Amino acid sequence: MFFPVKKLGSSTGRFANATLVRLSEFLSAGYKKGVRPVKDWRTSTIVAIDLMVYSILNVDEKNQVLTTYVWYRQSWTDEFLVWNPEDFDEVKQVSIPTANVWVPDILINEFVDVGKSPDIPYVYVTHDGLVRNYKPIQVVTACTLNIYNFPFDVQKCSLTFQSWLHTIDDINITLMRSPEELREDKSVFMNQGEWELLHILSNYKIFSVDDDDYYAEMKFHVVIRRRPLFYTVNLLLPSIFLMVMDVMGFYLPPDSGERVSFKITLLLGYSVFLIIVSDTLPATAIGTPLIGVYFVVCMALLVISLTETVLIVRLVHKQDLQPPVPYWVRYLVLERAPVLFCIHKKHRLQQDHREAGLLGLHRPPSRDPGPPVMDNILQEVTAIRHFLEKRDRCREVAKEWLQVGYVLDVLLFRVYLVAMVAYSITLGTLWSVWQVA
């Protein structure tokens with residue numbers, strides 16, 4: 001049904017035909033903005049609120065602070081801002097200065113700093129007294145941030161709206177939309193940054209401080225998830241590459257000094273890598289992210305790998321005074337271990353005993369006295385024979401130790417590889433579960 005528009009007079013005054021001016025004067029006449037706008041003081045003012053997250057500006061893990069930019073809406077009924085549209089040229093809603101009307105003292109409990117929010121000086125008022133106060137707010141709030149799952153972490157921060165002074169008898173709070181619509185609404189969220197918005201949960205609660213006065217609060221839980229691609233490429237992949245090169249270093253011969261140099265270079269490179277990424281990892285006084293533990297364990301694995309290499313190189317190092325391989329070591333390492341762990345044994349070079357015909361070394365000296373020159377020659381040849389036999393024995397001992405070192409190197413390499421694979425699978429599974437959750 002449409003109402004006819006009233007014809008105004010043709011006076012020549014400045015505001016002769018200004019309907020909005022007449023309406024503003026009508027609404028402001030006798031209005032007391034310091035008084036709650038109800039005719040019956042026993043009537044509670046119902047404030048409906050709504051929240052839409054526009055952007056996640058900053059997540060400060062060290063100071064446990066979340067900075068967001070939200071669109072905040074609230075509406076309530078002001079029984080003193082009511083008019084008949086027929087008396088004012090069918091005007092059914094008008095904007096008036098916020099400073100001229102009563103506004104509920106609803107604040108966010110988690111506020112820790114004054115945000116840089118634009119000043120919206122007006123509110124909309126409908127003819128039936130419904131006041132709508134819509135405004136964007138930069139919210140800087142305290143939030144308990146759990147960084148253990150970084151960079152696959154999901155954070156849940158709360159924004160609690162409540163009247164700072166008025167009890168539930170004066171001001172009550174409700175949602176402007178249904179909780180389901182609020183949860184799934186991402187229409188205004190800018191999702192090009194590091195964080196993505198999962199959903200917004202709401203929870204209404206009535207609480208009391210002194211068991212006398214009761215207050216109403218509406219809590220919004222903003223659930224956000226970090227996008228891990230940047231950290232995966234810049235943190236995890238370089239570490240994985242270095243650990244793969246450490247595994248490949250085991251294929252260098254254990255009796256070669258190049259393996260020690262190679263692993264020391266890897267250890268130094270990983271140390272430099274940790275120094276570079278130390279500023280990237282989030283830091284708090286109450287916890288360490290799992291990725292930090294991962295880096296420390298990788299560093300420990302590199303140290304263990306280098307230690308194993310040093311011991312093996314020391315074990316297979318050739319020297320003349322090296323003692324023979326003990327029987328129990330020969331039995332366990334050279335006989336039982338290759339069978340149990342399917343280790344292919346290298347060819348053991350046999351002693352190259354020279355035959356008796358070689359230089360006549362095994363021919364017993366003649367008892368017949370001979371010329372002194374022949375006796376000297378026989379003594380020299382005998383000394384040469386003893387030297388060669390001793391050298392052959394030393395070579396055989398060194399070859400046995402080399403075989404022991406080879407078998408132990410293969411065993412330790414397999415243990416090291418199994419530990420690294422199990423550790424990687426465990427971390428990968430945990431991070432996959434956290435990312436899907």
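## Lysine 62 and its loop

Lysine 62 is placed in the loop that connects β1 (45–60) with β2 (65–77). Strands such as these are DSSP runs of E with at least two residues, helices are runs of H or I with at least four, and both are numbered from the N terminus. The structure is a predicted model, in which local features need pLDDT of at least 70, side-chain atom pairs count only at pLDDT 80 or more, and totals for chains, interfaces and linings use all residues. Residues are numbered from 1 along each chain as its sequence is written, and side-chain values use heavy atoms, with hydrogens and water left out.

Is lysine 62 buried or exposed? Lysine 62 counts as exposed because its relative accessibility is 65%. Here buried means under 20% relative accessible area, exposed means over 50%, and partly exposed lies in between (1.4 Å probe, protein chains only). Which residues does lysine 62 touch, not counting residues up to four places away in sequence? They are Ala283 and Thr284, where contact means heavy atoms within 4.5 Å. Lysine 62 and alanine 283 are separated by 221 residues in sequence, yet their C-alpha atoms are 5.5 Å apart in space.

β1 and β2 run antiparallel and are joined by 11 bridges; two strands are said to pair if DSSP finds at least two bridges between them. One of the bridges links aspartate 60 to valine 65 in β2. The hairpin that these strands form has four residues between the strands.

Glutamine 64 is also in the loop between β1 and β2. Its phi is near 55°, a positive value in a residue other than glycine. Glutamine 64 counts as buried because its relative accessibility is 17%.

## The pairing of β1 with β9

β1 has a pairing with strand β9 (residues 171–175) as well, in the parallel sense and over five bridges. Threonine 45 has isoleucine 171 of β9 as its bridge partner, and valine 47 stands opposite isoleucine 173 of β9. β9 is largely enclosed by the rest of the structure, because four of its five residues are buried.

In general, the side chains of a regular strand alternate between the two faces of the sheet.

## A sheet of four strands

An open sheet is built from four strands in the order β4-β8-β11-β10, with antiparallel pairing. β4 (106–108) and β10 (195–208) are at the edges with a single partner strand each, so one side of each has no neighbour in the sheet. On average, neighbouring strands of this sheet are turned by 20° against each other, direction ignored. For such angles, axes are lines fitted to C-alpha atoms (for helices over the stretch in contact), and angles run from 0 to 180 degrees between N-to-C directions.

The antiparallel strands β4 and β8 (residues 154–163) are joined by three bridges. Within this pairing, isoleucine 106 stands opposite serine 163 in β8.

## Details in other loops

Proline 151 lies in the loop between β7 (130–142) and β8. The peptide bond that joins phenylalanine 150 and proline 151 is cis, with omega about 5°.

Glutamate 90 belongs to the loop between β2 and β3 (93–97). Its phi is near 65°, which is a positive value in a residue other than glycine. With a relative accessible area of 18%, glutamate 90 is buried.

Leu229, Val233, Leu237, Ile240, Phe241, Val244, Met245, Met248 and Tyr251 make a nonpolar surface patch of about 890 Å². Patches consist of residues with over 30% relative accessible area and no salt bridge, with like charges joined within 9 Å and nonpolar side chains (Val, Leu, Ile, Met, Phe, Trp, Tyr) within 5 Å. A salt bridge is a side-chain nitrogen of Lys or Arg within 4 Å of a carboxyl oxygen of Asp or Glu.

Isoleucine 240 is part of helix α3 (residues 229–248). Isoleucine 240 counts as partly exposed because its relative accessibility is 37%.

## The chain as a whole

The chain contains seven helices and 11 strands. Of its 437 residues, 39% count as buried. Among contacts between residues at least 6 apart in sequence, 78% join residues at least 24 apart.

Accessible areas come from the Shrake-Rupley method with a 1.4 Å probe, and for residues only the protein chains shown count as cover.
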